Amino acid sequence: MMSEWKKVSVSDLGRIVTGKTPKTAISEYYGGCIPFLTPSDDMSVKYVLTTSKTITEDGKNSVKNAVIPKNSICVSCIGSDLGKVVITTKETVTNQQINSVIVNTELYDVDFVYYAMVILGKVLNYHSKTSTAVPIVNKSTFSQYEILCPVLSEQRKIARILSEIDSKIAINTAINENLRLQAA
């Protein structure tokens, strides 16, 4: 029997963090081993494995309230990339164009929240295309969006199925790319 799904706001899913850029004038803040995620990085994948920019411990400490842990859900909230979603694979800092959800894993499954945010991201992106202003979703607006959510055990079942499908897609994509390279 299907459990009842409840409407929950994004802010109910966990702690929302808006990114912050360490001062770019301070070169000692950049070039370390801490990922610095921006919307210009590849956000078409489920997990962010590399970022074009990295920061140092000093850079991280300069924006310590904006540091997010592994398994945070990052959502691009400005411009043409609005609504793109990735999961962090290690402690990360993002710029202010990204709002992240540090998921409360006692109540919510990280993968389920990821897939829910992908759907919400498409809604955000659609709204951005129908607006004349530069599309931007601030933290308070982002936090108020609602998703439908079942109980944790059901979230896990749904997320497991979707993750298995994503894994198969990734394998097929890799095979196709390999075949393309061999044919070239």
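This report describes the sheet, selected loop residues, cysteines and salt bridges of a predicted model.

## Basis of the description

Residues are numbered from 1 along each chain as its sequence is written, and side-chain values use heavy atoms, with hydrogens and water left out. Because the model is predicted, local features need pLDDT of at least 70 and side-chain atom pairs count only at pLDDT 80 or more, while totals for chains, interfaces and linings use all residues.

## The sheet and its helix

An open sheet is formed by 5 strands in the order β2-β10-β7-β8-β4, with mixed pairing. Its edge strands, β2 (14-18) and β4 (47-48), each pair on one side only. Helices (H or I, at least four residues) and strands (E, at least two) are DSSP runs, numbered from the N terminus. Two strands pair if DSSP finds at least two bridges between them. Strands of a sheet pair through backbone hydrogen bonds, either parallel or antiparallel.

Strand β7 (residues 73-76) pairs with strand β8 (residues 85-88) in the antiparallel sense over 3 bridges. Val 75 has Val 85 as its bridge partner in β8. Helix α2 (residues 110-129) packs on the sheet and touches β4, β7, β8 and β10 (98-103); contact means heavy atoms within 4.5 Å. The direction of helix α2 makes about 155 degrees with that of β8, where axes are lines fitted to C-alpha atoms, for helices over the stretch in contact, and angles run from 0 to 180 degrees between N-to-C directions.

The pairing of β7 with β10 is also antiparallel, and β7 and β10 share 4 bridges. In β10, Val 75 is partnered by Asn 99. In a regular strand the side chains alternate between the two faces of the sheet. From β7, Ile 73 and Val 75 point one way and Cys 74 and Ser 76 the other way, and all are buried. Buried means under 20% relative accessible area, exposed over 50%, and partly exposed in between (1.4 Å probe, protein chains only).

## Two buried loop residues

Thr 56 lies in the loop between β5 (53-55) and α1 (57-62) and is buried, with a relative accessible area of 18%. A polar atom of the Thr 56 side chain lies 2.7 Å from the backbone oxygen of Glu 28. Residues up to four places away in sequence aside, Thr 56 touches Glu 28, Tyr 29, Tyr 30, Gly 31, Gly 32 and Ile 34.

Pro 39 belongs to the loop between β3 (30-37) and β4. Pro 39 is buried as well, at a relative accessible area of 9%. Beyond its neighbours within four places in sequence, Pro 39 is in contact with Ser 76, Asp 81, Asn 95, Gln 97 and Ile 98. Pro 39 and Ser 163 are 124 residues apart in sequence, and their C-alpha atoms are 23 Å apart in space.

## Cysteines

The whole structure contains 0 disulfides, a disulfide being a pair of cysteine sulfur atoms within 2.5 Å. The sulfur of Cys 74 has its closest cysteine sulfur in Cys 77, 10 Å away, which is too far for a bond. Cys 74 is buried at 0% relative accessibility, and Cys 77 is buried with a relative accessible area of 2%.

## Salt bridges

The structure holds 5 salt bridges, each defined as a side-chain nitrogen of Lys or Arg within 4 Å of a carboxyl oxygen of Asp or Glu. One of them joins the side chains of Lys 7 and Glu 146 (3.9 Å, N to O). Lys 7 lies in strand β1 (residues 6-9) and Glu 146 in strand β11 (residues 146-149), so this pair ties together parts that are 139 residues apart in sequence. Lys 7 is exposed, with a relative accessible area of 60%, whereas Glu 146 is partly exposed at 47%.

Another salt bridge is formed by the side chains of Asp 111 and Lys 46 (3.1 Å, N to O). Asp 111 is in helix α2 and Lys 46 in the loop between β3 and β4, so the pair ties together parts 65 residues apart in sequence. Lys 46 is buried, with a relative accessible area of 11%. The side chains of Glu 91 and Lys 60 also meet in a salt bridge (2.9 Å, N to O). This pair links Glu 91, in the loop between β8 and β9 (92-94), to Lys 60 in helix α1, 31 residues apart. Glu 91 is partly exposed at 36% relative accessibility, and Lys 60 is buried at 12%. Through shared partners, salt bridges join Glu 57, Lys 60 and Glu 91 into one network.

Technical notes:
Polar contact = N/O pair within 3.5 Å; in protein donor to acceptor, adjacent residues only side chain to side chain.
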